[in-house]
Amino acid sequence: MSGYTADEMMTVAASRALRDGVRCFVGIGLPSTAANLARLTHAPELVLIYESGTLGSKPDRLPASIGDGILGETADAVISVPEVFNYWLQPGRIDVGFLGAAQLDRFANINTTVVGDYQDPKVRLPGAGGAPEIAASCREVFVVVRQTRRSFVERVDFVTSVGHGRGAGDRERLGLTGAGPTTVITDLGVMRPDPETRELTLTQVHPGVSVEQVRAATGWELRVSPELGETPAPTAAELAALRELKGRS
């Protein structure tokens with residue numbers, strides 16, 4: 001790729017998925033970068049909500065954590081954590097949950113708990129935080145994650161946050177009210193669940209990326225949409241805004 005990195009392409013593509021004016025529950029890391037980029041470019045009325053209880057935060061740099069003071073200083077309101085979950089998230093008042101993942105499987109289930117056996121893990125990951133509730137109750141969920149065979153696995157080692165379970169009908173059976181993951185953005189392309197099976201399907205590749213590259217970085221036999229498209233390259237304005245945002249951090 002010329003003029004931008006794979007991470008920049010991923011972040012720009014993720015930011016474009018967010019519509020102006022929606023209420024977005026933001027995870028720290030890649031989701032926060034993409035959400036703040038969206039707010040600074042095409043979605044100035046995007047309402048950012050963080051787990052620490054900040055509503056409508058407008059940071060001018062990337063927060064280091066959900067406890068970063070800049071989130072409270074720039075928020076429209078600061079409420080308690082139980083209020084965020086009881087009054088905003090669980091009743092379905094959040095339009096989009098924006099999450100990252102350490103592992104993701106073919107039905108968009110997310111693991112951020114352990115790699116390997118739970119009782120004797122190879123790697124202990126950061127854990128759940130509010131992600132299980134976000135995945136359960138937001139009207140829809142976007143996931144942004146770098147794609148390798150280690151991160152895109154046949155079945156996650158531990159289901160921290162339910163995506164589409166083992167396929168169509170599982171969310172309804174479990175009583176989960178939100179639509180679950182509707183878009184997965186990686187550094188290689190974009191995936192969306194099949195309307196019937198709920199299995200992730202490649203719908204876009206980023207410029208310069210082949211289907212073979214995406215399949216090689218996926219731990220299952222990845223389905224490809226017959227209407228596969230190519231992600232538009234980042235604009236100069238998007239790249240400038242992203243680099244300025246990251247430069248302030």
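Strands β11 (residues 181-185) and β12 are paired in the antiparallel sense over two bridges. In this predicted model, a hairpin of three residues links β11 to β12, and Val184 has Met191 of β12 as its bridge partner. On pairing with strand β13 (residues 200-205), β12 again adopts the antiparallel sense, here over five bridges. Val190 is bridged to Gln204 of β13. The hairpin formed by β12 and β13 has six residues between the two strands, and Arg198 in this turn has a positive phi of about 70°. Four of the five residues of β12 (residues 189-193) are buried, so the strand is largely enclosed by the rest of the structure.

In soluble globular proteins, nonpolar side chains tend to be buried together. The largest nonpolar core of the model comprises 31 residues, and those with the most contacts inside it are Phe25, Leu104, Val184, Met191 and Val214. Elements that contribute two or more residues to this core are α4 (81-89), α5, β10 (140-144), β13 and α7 (211-216). Apart from residues up to four places away in sequence, Val214 touches Gln147, Leu188, Met191, Leu202, Val205, Val209 and Leu222. A second, separate core contains 25 residues, including Met9, Leu48, Val96 and Phe98.

Ser57 is located in the loop between β3 (54-55) and α3 (69-73). With a relative accessible area of 1%, below the 20% limit for a buried residue, Ser57 is classed as buried. When residues up to four places away in sequence are not counted, Ser57 touches Arg39, Leu48, Tyr50, Leu71, Thr74 and Ala75. A distance of 9.5 Å separates the C-alpha atoms of Ser57 and Asn36, which are 21 residues apart along the chain.

The largest pocket has a volume of about 550 Å³. It is lined by 27 residues, of which Ile28, Leu99, Gly100, Ala101 and Thr112 are the closest to its centre. Two or more lining residues come from each of β1 (23-26), α2 (30-40) and α5 (131-137). By class, the lining of this pocket consists of 17 nonpolar, eight polar and two charged residues.

Conventions:
Residues numbered from 1 in each chain as written. Predicted model: local features only at pLDDT ≥ 70, side-chain atom pairs only at ≥ 80, totals over all residues. Heavy atoms only, no water. Buried < 20%, exposed > 50% of the residue type's maximum accessible area, 1.4 Å probe, protein only. Pairing = 2+ DSSP bridges. 1 Å grid on protein atoms, 1.4 Å probe; cavity = no way out; pocket = protein on both sides within 12 Å on 5 of 7 lines; lining within 4 Å. Points joined across faces, edges and corners; volume = space filled by probe spheres on them. Nonpolar A, V, L, I, M, F, W, Y, C, P; charged D, E, K, R; others polar. Core = buried A, V, L, I, M, F, W, Y, C linked by side-chain atoms within 4.5 Å. Contact = heavy atoms within 4.5 Å.
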